[in-house]
Amino acid sequence: MGGEFRALGPLELRVDGLVVELGHVRQRCVLAVLLAEANRVVTAEQLLDRVWVDRPPHRARRVLSTYVSRLRRLLADEAVIVSRHGGYALVVDPEAVDVHRFRKLVTRAGEADDEHRLALLDQALALWRGDPLSELDTPWAADLRATLDGERLAAELEHADTALRLGRHAELLPALAERVRRHPLDERVAEQFVLALYRSGRQADALEHYRRVRDRLVGELGADPGPHLRHLHQRILTADPGLAVTRADRASPVATPRQLPAPPRPFTGRSDESAALTEALEPPGGAVAIAHLTGSGGIGKTWLALHWAHRHLDRFPDGQLFVDLCGFSPTSPPTAPEDALRGFLGALGVTADRVPRGQDAQAALFRSLLTGKRVLVVLDNAVSTEQVVPLLPGSPSCTVLVTSRHRLPALSARHGARTLPLGVLTDTESLALLTGSLGDHRVVAERDAAAELVALCGGCPLALALTATLAHRRPSLTETVAELRESGSDALDADDPAASLPAVLSSSLRNLTEEQRTVFGLLAIAPGTDTTLPAVASLTGSTPARTRKVLAALEDASLLEHRSPGRYVMHDLVRGHAATTARTTVPNDVREAALARVLDFYLHTAFTADRLLDPHGPLVRPNPPAPGTRPLELPDAAAATAWLAAEHTTLLAAQRAAGALGRHHAVWHLAWALETFHVRRGRLRDALTAWQAALDVADHLPDRTTRTRTLRNLGDACSRLGRHEEATDRLDQALDLAVRHQDTLEQAHTHRALALAWERAGDDELALRHAHHALDLYRDLDQPVWEADALNQVGWSAARLGDHSTARVHCTAALARYRRHHHLGGEANTLDSLGLIAHRTGDHGRAVEYYHQALPLFRTLGHAYQVAETLDSVGDPHVALGQHDQARAAWHEAVVLYREQGRDLDARRLQRRLDDLDRSLTGVPPSPSWAAAVP
């Protein structure tokens with residue numbers, strides 16, 4: 001359980017540094033009551049009285065039960081609410097509740113010596129964030145606030161007495177001044193403040209404050225100060241030597257510490273990060289400035305920290321402390337805070353015999369010695385917040401710089417640290433670092449090889465440094481490139497574990513659980529360069545909640561980067577190491593089962609998306625998914641399009657992975673599921689590649705229709721790319737198979753595909769013949785939507801041949817069928833056809849109307865391919881109507897879409913028309929292609 005319940009301020013539950021939303025105020029009040037009585041039964045009557053007082057809601061017990069049920073879900077693994085003896089008890093570790101932790105620390109402080117007591121009270125008071133349960137206004141909450149405020153004041157008074165006994169009057173003064181403002185009539189507070197002033201050499205101020213307190217007591221209460229305050233006043237007047245500090249200072253610093261290691265050479269880039277670090281470490285006012293550099297192993301955190309520190313030495317005249325906490329050392333265990341403290345105290349002049357026993361006492365002495373000092377504390381290679389906290393100074397004059405591969409969210413939440421994630425170097429910075437190591441002459445002489453080394457290192461400073469070392473031992477950079485390509489990160493291994501990339505990456509795994517290491521390895525063998533939580537849940541066969549925790553652990557260890565929106569990515573070198581981890585530590589059956597699940601996740605989610613995009617298309621279901629697979633349930637076509645767009649690269653990688661694994665079924669069905677998306681987005685080359693892969697596996701699948709469908713879709717993809725001979729060859733093969741198998745439906749689909757192919761090839765008569773064949777077959781099959789497809793195709797081909805009457809009849813019939821069956825895609829296509837007919841018959845206004853009815857439908861469907869076609873077409877009637885601005889706008893957008901879709905011939909053709917339009921408007925004769933280009 002990593003949760004922390006906080007009631008010493010507004011009520012909060014923090015899990016892994018993030019605040020959990022606890023619901024409305026009454027529900028929060030129920031939780032507050034249960035927290036205050038943690039691990040004890042609170043009866044329903046007590047809860048109703050404390051939450052609603054004398055105004056309980058209708059069916060109060062049912063409402064209370066509802067709130068408890070909601071809280072159980074919200075608290076999840078952090079605490080358990082049990083029903084007992086007519087009431088409820090919150091079962092929770094008292095250490096997870098700040099109220100109970102505060103009381104326990106105060107109790108322990110009462111049993112400790114002064115140094116330990118002060119440290120314990122420091123911890124207790126640090127838990128306070130403001131007025132307890134400040135958002136609750138019930139009488140019970142007000143009473144609890146008053147009780148806790150009293151306990152806080154008592155702890156503050158005990159803390160001040162202890163600090164005064166230890167001679168820490170100077171550092172107490174700011175807090176005491178604030179306390180006397182809040183409690184002007186409290187004589188114990190006044191006594192502490194007067195004594196601290198006197199011991200700080202401010203006798204006059206001490207006497208003046210006594211006078212003000214006495215006057216106020218007399219004026220408001222009609223009483224003189226009590227005997228303790230009066231006695232202190234008398235001792236000050238007589239300069240009683242007994243008021244001096246009675247405990248000798250344990251430390252007498254003998255030197256200003258200068259512990260920083262030498263700055264890194266060469267150091268390049270990181271100017272933005274250095275500026276952010278300077279901003280993060282500006283004096284915050286009232287608190288220690290803490291910056292936390294985080295990133296993966298070898299990313300250059302220590303280099304940047306030391307570079308920044310040496311450039312700002314003037315800010316820390318009282319010294320610099322440095323410790324390697326060995327959080328991820330391949331050769332040493334993490335440094336215990338107590339060992340680090342002993343080293344710091346020695347550097348500050350405390351002899352070994354005067355170092356107190358126990359970590360709390362050492363931390364207290366460390367903070368005391370740094371009071372008022374301008375010291376930089378560099379805590380390098382930390383593994384946890386618990387390792388860092390005892391090493392934090394208490395004085396706002398100090399600055400702390402922490403580096404860690406873990407994100408340490410509690411350091412930010414509890415101590416205000418500014419976290420600065422450190423990413424890879426840019427290519428320019430990487431090349432500069434390589435040049436600084438190898439020399440200008442060598443990099444210039446082999447510029448291409450140097451650029452390839454930069455790409456192979458992926459911006460990782462350690463990899464670049466090790467690559468430079470390797471290059472010094474090789475005759476050419478080209479040979480270094482070949483070695484890196486062959487061996488990957490293994491080529492950057494070294495005898496010194498601290499200077500070995502594999503060793504550095506391996507050390508990042510040391511603090512992971514077995515489950516986290518397994519997921520780390522599986523992520524590397526999953527398809528694609530990045531991934532999402534749902535995909536990883538299927539990869540691991542785990543629940544999304546459990547998967548999220550594992551991914552968070554890998555992210556905290558800087559082995560994984562979480563990019564918005566919701567995507568996770570690994571650095572290439574980390575991925576390579578993870579793949580090695582998978583091969584060497586994850587059993588074959590576990591890897592194979594994981595890959596089967598994640599491939600089925602992508603396949604079945606893509607199938608769902610395709611059905612949402614084209615619900616009228618042929619229904620071809622894939623095999624059931626592997627056990628443990630959790631495909632997404634997409635709500636609508638917009639979500640389907642968004643998911644396919646976001647995952648497109650990964651889906652293509654999944655098809656390739658399925659082919660490599662011999663999962664022929666997945667290869668084919670991924671091509672089928674992506675077809676609608678590919679066509680609508682104009683991803684023509686991707687469609688061709690997908691169907692070529694499908695053809696390679698088609699003969700391995702039992703359904704004899706598979707090969708027919710594959711040849712048909714492959715032929716259509718070739719046709720769209722202008723590969724007409726190959727297109728008609730594939731489509732003729734498909735038609736032969738459909739006839740041989742007496743598959744009427746596939747014959748109809750293939751005739752329609754042939755109609756489109758021959759139209760694109762310029763043979764409209766043959767296109768019309770195939771369109772009529774398709775129409776006759778669809779009618780025999782009683783398929784009204786597909787019949788509408790063929791009607792529209794007949795109408796389109798007839799219009800291109802000049803038979804506008806036949807074209808209009810067929811397209812009008814198609815439009816009626818599409819609208820009857822709510823087929824937006826078909827409706828848009830037919831409106832586009834009617835636009836062509838109207839334009840060809842001279843009704844340019846009606847043509848514009850048809851085209852502008854079609855465009856929003858195509859845009860709604862995400863059909864970018866057809867949007868480009870219709871924008872291309874609508875320009876002609878606009879020009880005929882003299883609407884040149886509208887024509888120019890439509891053609892400009894179409895050119896952009898053509899280029900995005902890789903349709904360069906169409907883009908160049910239409911750009912020439914745009915240029916000619918501009919020339920004609922300025923009186924320059926158009927190019928000869930103008931006349932030929934107009935239909």
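Is R663 buried, exposed or partly exposed? R663 comes out partly exposed, at a relative accessible area of 28% (buried is under 20%, exposed over 50% and partly exposed in between, with a 1.4 Å probe and protein chains only). This is a predicted model, where local features need pLDDT of at least 70, side-chain atom pairs count only at pLDDT 80 or more, and totals for chains, interfaces and linings use all residues. Residues are numbered from 1 along each chain as its sequence is written, and side-chain values use heavy atoms, with hydrogens and water left out.

**View 1. D600 and R663 meet in a salt bridge.** Their side chains sit 3.1 Å apart, N to O (a salt bridge is a side-chain nitrogen of Lys or Arg within 4 Å of a carboxyl oxygen of Asp or Glu). The pair links distant parts of the chain, 63 residues apart: D600 is in helix 27 (residues 588-613), R663 in the loop between helix 28 and helix 29 (664-681). Helices here are DSSP runs of H or I, at least four residues long, numbered from the N terminus.

**View 2. E135 pairs up with R28.** This salt bridge spans 2.7 Å, N to O. E135 lies in the loop between helix 5 (114-125) and helix 6 (139-165) and R28 in helix 1 (residues 25-36), so the contact ties together parts 107 residues apart in sequence. E135 is partly exposed at 27%, whereas R28 is buried at 14%.

**View 3. R188 and D161 belong to a salt-bridge network.** The two side chains meet at 2.6 Å, N to O. They bring in distant parts of the chain, with R188 in helix 8 (residues 187-199) and D161 in helix 6, 27 residues apart. Both ends are partly exposed: R188 at 34% and D161 at 22%. Also in the network are D114, R117, E158 and R165. Zoom out, and the structure holds 59 salt bridges.

**View 4. D732 sits in helix 32 (residues 724-740).** With 37% relative accessibility, D732 is partly exposed.

**View 5. C398 and C718 are buried cysteines.** C398 has a relative accessible area of 0%, and C718 likewise has 0%. Searching the whole structure turns up zero disulfides (a disulfide is a pair of cysteine sulfur atoms within 2.5 Å).

**View 6. L551 lies in helix 25 (residues 544-556).** L551 is buried, at 0% relative accessibility. From L551 to V288, C-alpha to C-alpha, is 31 Å in space and 263 residues in sequence.

Conventions. Helix = DSSP H or I, 4+ residues; strand = E, 2+ residues; numbered from the N terminus.
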